[in-house]
Amino acid sequence: TRAIVDDVAARGDAALLEATRKFDRLDITAAGLRITPAEIDAAVAACDPKTVEALSFARDRIETFHRRQLPKDERFTDAAGVELGWRWSAVDAVGLYVPGGTAAYPSSVLMNAVPARVAGVPRVVMVVPAPDGKLNPLVLAAAHLGGVSEIYRVGGAQAVAALAYGTASIAPVAKIVGPGNAYVAAAKRLVF
């Protein structure tokens with residue numbers, strides 16, 4: 001895992017694409033990393049409308065819950081006449097790791113993307129492996145409903161490294177969240 005993370009940190013897209021070819025059997029160029037709006041629209045259209053409706057219902061409930069958790073800014077003057085306080089602000093960008101292949105969890109997309117949006121994170125980036133070029137349409141539909149700004153078809157330790165250090169195609173993020181296998185967890189520990 002360390003070798004993959006170090007390679008992506010050093011060589012960027014070249015290492016990211018090599019690892020994607022090796023581990024996901026997907027031969028793409030840097031231009032093909034980002035999932036296009038047309039691909040997202042096609043995925044949403046391919047989903048059962050009742051399932052998309054259920055995802056929308058879940059998104060709304062998650063948002064309602066997390067809105068209640070938003071911290072409040074505070075400003076006051078103490079007894080000595082000194083003005084004190086604090087201000088809460090969101091990070092600039094967050095990366096969501098979403099498992100792909102046999103493990104597809106649209107709910108985990110919503111449970112990570114929606115709180116980030118509620119917190120005011122302006123850039124929510126999702127990475128999801130596409131083994132043999134296959135993506136689960138419900139995962140893309142959940143990303144669309146959850147307000148994800150960018151989606152990339154990469155996974156594994158190489159995707160975590162790209163989120164942490166950035167490449168020519170994927171700008172770095174301030175925080176990485178989401179479930180993954182042992183290699184993903186190890187990569188997240190390495191880049192923390």
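Strand 4, helix 6 and strand 5 make a right-handed β-α-β unit. Right-handed here means that, with the strands pointing away from the viewer, the path from the first strand over the helix to the second runs clockwise. Helices (H or I, at least four residues) and strands (E, at least two) are DSSP runs, numbered from the N terminus.

A quick word on the source: this is a predicted model, where local features need pLDDT of at least 70 and side-chain atom pairs count only at pLDDT 80 or more, while totals for chains, interfaces and linings use all residues. Residues are numbered from 1 along each chain as its sequence is written, and side-chain values use heavy atoms, with hydrogens and water left out.

Now for the strand pairings. Two strands pair if DSSP finds at least two bridges between them.

| Pair | Sense | Bridges |
|---|---|---|
| Strand 1 (residues 74–77) and strand 2 (residues 83–86) | antiparallel | four |
| Strand 3 and strand 4 | parallel | five |
| Strand 4 and strand 5 (residues 150–152) | parallel | three |

How many residues of strand 4 (residues 123–127) are buried? Five of its five, where buried means under 20% relative accessible area, exposed over 50% and partly exposed in between (1.4 Å probe, protein chains only). In a regular strand the side chains alternate between the two faces of the sheet. Here Arg-123, Val-125 and Val-127 are buried on one side, and Val-124 and Met-126 on the other.

Over in helix 6 (residues 137–146) you'll find Leu-138. Because its relative accessibility is 24%, Leu-138 counts as partly exposed. Setting aside neighbours within four places in sequence, Leu-138 is in contact (heavy atoms within 4.5 Å) with Cys-47, Thr-51, Leu-55 and Pro-106.

Next comes helix 8 (residues 182–191), where Val-184, Ala-186, Ala-187 and Val-191 are buried. Seen down the axis of helix 8, these buried residues fall within an arc of 160° (taken from the directions from the helix axis to the C-beta atoms), so they line one face of the helix. They pack against helix 1 (2–11), strand 3 (93–97), helix 7 (156–165) and strand 6 (175–177). Exposed Ala-182 and Arg-189 sit on the face of helix 8 turned away from its buried side.
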